[in-house]
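Subject: Structure handover

Hello,

Here is the structure we talked about passing on. Please open it alongside this note.

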Amino acid sequence: MALLEQYAPFVGEQFIFETKLLAQALRGARVQHVNSTKTGGGVAEILTKLVPLMRDVGVDAQWTTLKGTPAFFDVTKSFHNALHGSRERISDKQLRVYEQVNSANYDVIDRDADFVIIHDPQPLGLVPRRENHLGTWIWRCHIDVASADRRVWQFLSKYIRQFDAALFHLPQYTRDDLPIPQFVVPPSIDPLSEKNRDVSAAESKRYLARYRIPTDEPYVLQAARFDRLKDPFGVLEAHRLLSHNRDVRLVYAGNFAPDDPEGMEVYDEFMRKAGRNRLITVIPNPDPNDLVVNVLQRNASIVIQKSIREGFGLSVTEGMWKARPVIGGNTGGIRYQIVDGVTGYLVNTPDGAAFRMGQILANPTLARSLGEAAKLRVAENFLVPNYLKNWLCVLLAVKYPGEGVRLLSGDGVHAFRGRTRREV
Amino acid sequence: MRRKRFLRRREFEFHTELAVAVWSGYKADSIETLLGGLNEVPGSSIFYHVWHALFRRHRHTPEAWMNDFARWALHGLGRKTLAEKLACVDMVLLRTRSVAETREHLIKAVREYQGEGEFPGRVAMGDELYFMEMRSFVMPTGIRAGTTGEFVRGLQRLGRNTMLHHFIEGRMRDGGGLDDFSRWFIETGRKDIARQIEVINPLSADLDHLRKRIIEIVRRAG
């Protein structure tokens, strides 16, 4: 079975049919994706799915990585933090390292590519290469740059302005100071992945037993890094407030890397505060991570992601996909995903989280309704086939710029007649 | 029962439509900037936030049946009165023949509200309304119908995006106010079917239910 067709059970045969129709207008187009690494990180995970899907629908998609040095990756890590709004000291020498490494990688660009897609800041410095390049260049930003450090943004935006278009996850991440079209394309999850596929009863039983989670009691789950921005202590406080009303288990499944001192610090503090509370189960670095998180999400009565700051929040998407009622922090991409009161609840405080938890636990009909609506929202907007469709539309929109609706017919792309009233 | 047959004069060609959102460059953080945006943004932005919004979103609750501007007035600005005035635009949509008319209704609603003397401030950063536009691509599906049977079979194979294109957006095409299905049945001598489809309120159910309802109408009419 063709790759895209494997998603028909999730998005419907009609959607697959329509996406294939759309792709016909790009059949044979050479699309080169460029990022910094093929392993590790969200971008690599996305491209691992997107590139084969593009090929599956007839687009000649390739994936290239630039070769960096430790000094280069130090700079780009600083860029990443600075683009998120942190104050970073980046010297002129480091900026030169960035430029030099990108210049040394000019040859990775496919001269015959119809589209060159640069992902995130690392390869931005390749764009001067387009001087003798006939293709269309698009920048895909996977992070929140709304509060970017001014100096770093000034440095990088001189590259970004040379692109034909940019893509952001949310409207809030677009920039007033970019004179190029800015598309909004949210990220997606893969319903066939280990993190999101159906799990068997045996798998559920096995992993819940491994972590001593009773199967005959409800539990609330937050699966997130041990990071203050995920507000683990707010979750603890919400659980404490809830316990005035009823006893419910809290399961916190979190990751931290051994070389992440802040993660360790947050974990240690969390463990001190969770104390010997028999109703709190902490699972550091679940193994295997994706499957365990999948099992935990599917069996949770409520999934909570009480972030204080969040780029998009794919853990929210995952919980929604599993038809769980989700309580999310009222921030970033979580606000975009959760339609408050319909597909979950948005909260600003531990008190709000405790209130909504109590409400949902007391009302199974409400829980079911929220979960069903949440799953439908994901199916319609945040699955990988939607992502592919959006990308195909972006490529066509940049190739055929300007306002107006386009008709894709066998003999090409044309303005669609009779649409003028819609445009006025 | 006498079978009604009609000549294969003009086949109905089913199309579908896919789109992606692009930022128009405008955003609103107050009543004034909302009004400014409503005046300035391209028509496809008005279309996206009113018409497309109604059929893009969840249909399970009354909250879903509200255009983006009304929702923002309610949840962003916290202004219930303004939200009601803007939501009422959805009620006149069925008679609206063009985006220009929709835009006029929206602007009028905001001006009336301003005239009532409430002057809320700006929303917090992150709560702005971003005016998005659509870049749409219409595609022939290759599915055609020359008879009612073919029409039923065709519509059964197709989905929401086809309904959005023909049943919702079709009303604005050529200014006639008729959806594409009704227009075709009239042109092919089946006013009996057209009359039944025409009176379906597009806001009464989601697009999948509307599709099934239309299929049932055509099937019963024979």
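Predicted model: local features only at pLDDT ≥ 70, side-chain atom pairs only at ≥ 80, totals over all residues.

Chain B first. Its secondary structure comes to 11 helices and 2 strands. Along the sequence the order is β-α-α-α-α-α-α-β-α-α-α-α-α. The chain has 222 residues, and 58% of them are buried. Take the chain B contacts with a separation of 6 or more: 72% of these join residues 24 or more positions apart.

One residue of chain B deserves a look. B:Asn67 sits in the loop that links helix H2 (43-56) to helix H3 (68-75). Its relative accessible area is 0%, so B:Asn67 counts as buried, the cut-off being under 20%.

Now chain A. Helix H5 (residues 92-104) packs with helix H6 (residues 150-160) at an angle of about 25 degrees. Their axes are 13 Å apart. Angles under 35 degrees count as roughly parallel, so H5(A) is roughly parallel to H6(A). The crossing of H5(A) past H6(A) is right-handed.

Which residues make the contact?

- From H5(A): A:Asp92, A:Leu95, A:Arg96, A:Tyr98 and A:Glu99.
- From H6(A): A:Arg151, A:Phe155, A:Leu156, A:Lys158 and A:Tyr159.

By type, the residues of this H5(A) and H6(A) contact split into 5 nonpolar and 5 charged, with no polar ones.

Best wishes

Key. Residues numbered from 1 in each chain as written. Chains lettered and ligands numbered in written order. Heavy atoms only, no water. Axes fitted to C-alpha atoms, helices over the stretch in contact; angles between N-to-C directions. Helix = DSSP H or I, 4+ residues; strand = E, 2+ residues; numbered from the N terminus. Parallel < 35°, antiparallel > 145°, perpendicular 65-115°, else oblique. Left-handed = near helix turned anticlockwise from the far one by under 90°. Contact = heavy atoms within 4.5 Å. Nonpolar A, V, L, I, M, F, W, Y, C, P; charged D, E, K, R; others polar. Buried < 20%, exposed > 50% of the residue type's maximum accessible area, 1.4 Å probe, protein only.
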